[in-house]
Amino acid sequence: MNRLLKISTTKSTASFCRILAARYSTNTGSKEHIDGLVKDKKLVVFMKGTPDSPNCGFSNLVVQILRMHGVKDFQAHNVLADQSLRQGIKDYSQWQTIPQIYMNGEFIGGSDIMLEMHKNGDLIEELKKVGIRSALLDQQEDENKQG
Amino acid sequence: MMSVGQNEKPVETSIRNKLSEIFKPSYLEVNNESYMHSVPKGSETHFKVVVVSDKFENLPLIKRHRLVNETLKEELDSGVHALSMVTKTLKQWEDSGQKVGKSPPCMGGAGL
């Protein structure tokens with residue numbers, strides 16, 4: 001009887017610890033956590049891999065577009081390194097695919113939308129809204145001076 | 001269009017059917033691009049769709065994408081993890097010369 005009691009106590013202690021750990025560890029996929037990642041940040045990218053080493057062509061596409069606009073100091077979060085964040089950001093944005101781009105806390109879209117905005121010039125305007133001057137503007141000015 | 005190989009491509013078929021039903025597109029392409037990625041042969045994980053529909057009239061791009069995502073929610077929740085899309089109205093499609101850009105290569109490179 002004592003032995004039985006001991007086993008059941010050990011089991012319940014272990015499950016209690018699990019509950020405590022889940023309750024008090026940072027849940028990186030939670031709304032509060034993601035709020036903190038995107039709010040008041042000029043530009044945040046949730047991607048597969050890192051800007052220097054993307055693990056997906058679509059994530060890479062976004063990084064390359066930003067580089068063309070001279071945007072280097074954006075914040076990037078690698079969702080492959082954090083499964084909780086990977087699911088959390090999909091729920092947060094109500095958008096099932098990665099990459100995802102946020103500007104000033106507002107969801108902009110995925111790589112198709114970034115590419116379209118890059119092509120039609122909207123990206124320059126969107127960057128301006130968050131206080132980032134696109135390097136493509138400088139290029140255009142240079143060309144105008146030369147021309 | 002759907003009689004051949006329907007059972008071999010259940011996801012592609014389902015995507016095609018749902019997009020046809022919801023958007024009544026004047027032009028529709030459903031391309032399985034899984035072969036471009038490191039997944040087993042015959043996988044149905046990466047898709048690119050071209051939907052030309054007047055249901056997109058006056059909707060910003062992000063809303064159009066959300067509509068397509070919602071339509072294909074079941075597929076995205078169950079195995080499809082890349083969905084690239086071109087969403088245009090008939091007029092935009094005609095003005096664009098009916099050209100669709102290439103999808104980026106899987107692991108980077110030039111990317112554009």
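These questions and answers go through a predicted model, one term at a time.

Me: What makes β1 and β5 of chain A paired strands?
Reply: Pairing takes at least two bridges between two strands. Strand β1 (residues 43-47) and strand β5 (residues 100-103) of chain A are joined by 4 bridges. Therefore they count as paired. They run antiparallel. A:V44 stands opposite A:Y102 in β5(A).

Me: How do you know that β5(A) pairs with β6(A)?
Reply: The test is again at least two bridges. Here 3 bridges join β5(A) to β6(A), so the pair passes. These strands run antiparallel. In β6(A), A:G109 is the bridge partner of A:I101. The two strands form a hairpin, with 2 residues between them. In the turn, A:N104 has a positive phi of about 50°.

Me: In what order do the strands of the open sheet in chain A stand?
Reply: The order is β4-β1-β5-β6, with 4 strands in the sheet. The pairing is mixed.

Me: Why is one side of β4 and of β6 in chain A left without a neighbour in the sheet?
Reply: β4 (75-78) and β6 (106-109) stand at the edges. Each has a single partner strand, so one side of each has no neighbour in the sheet. From one strand to the next, the twist averages 25°.

Me: Why is α3(A) called roughly parallel to α5(A)?
Reply: The axes of helix α3 (residues 57-68) and helix α5 (residues 111-120) of chain A cross at roughly 30°. Angles under 35 degrees count as roughly parallel. The crossing angle falls in that class, so α3(A) is roughly parallel to α5(A). The axes come within 9 Å. The crossing is left-handed.

Me: Which residues of α3(A) and α5(A) meet?
Reply: From α3(A) come A:F58, A:L61, A:V62 and A:I65. They meet A:S111, A:M114, A:L115 and A:H118 in α5(A). By class, this contact has 6 nonpolar, 2 polar and no charged residues.

Me: How many residues does each chain give to the contact between chains A and B?
Reply: Chain B gives 16 residues and chain A gives 13. On the side of chain B that touches chain A, α2 (61-71) and β3 (82-88) each supply at least two residues. The residues of that side divide into 11 nonpolar, 5 polar and no charged.

Methods: Residues are numbered from 1 along each chain as its sequence is written. Chains are lettered from A and ligands numbered from 1 in the order in which they are written. This is a predicted model: local features need pLDDT of at least 70, side-chain atom pairs count only at pLDDT 80 or more; totals for chains, interfaces and linings use all residues. Axes are lines fitted to C-alpha atoms, for helices over the stretch in contact, and angles run from 0 to 180 degrees between N-to-C directions. Angles under 35 degrees count as roughly parallel, over 145 as roughly antiparallel, 65 to 115 as roughly perpendicular and the rest as oblique. A crossing is left-handed if the near helix is turned anticlockwise from the far one by less than a right angle, and right-handed if clockwise. Two residues are in contact if their C-beta atoms, placed from the backbone, lie within 7 Å. Ala, Val, Leu, Ile, Met, Phe, Trp, Tyr, Cys and Pro count as nonpolar, Asp, Glu, Lys and Arg as charged, and the others, Gly among them, as polar.
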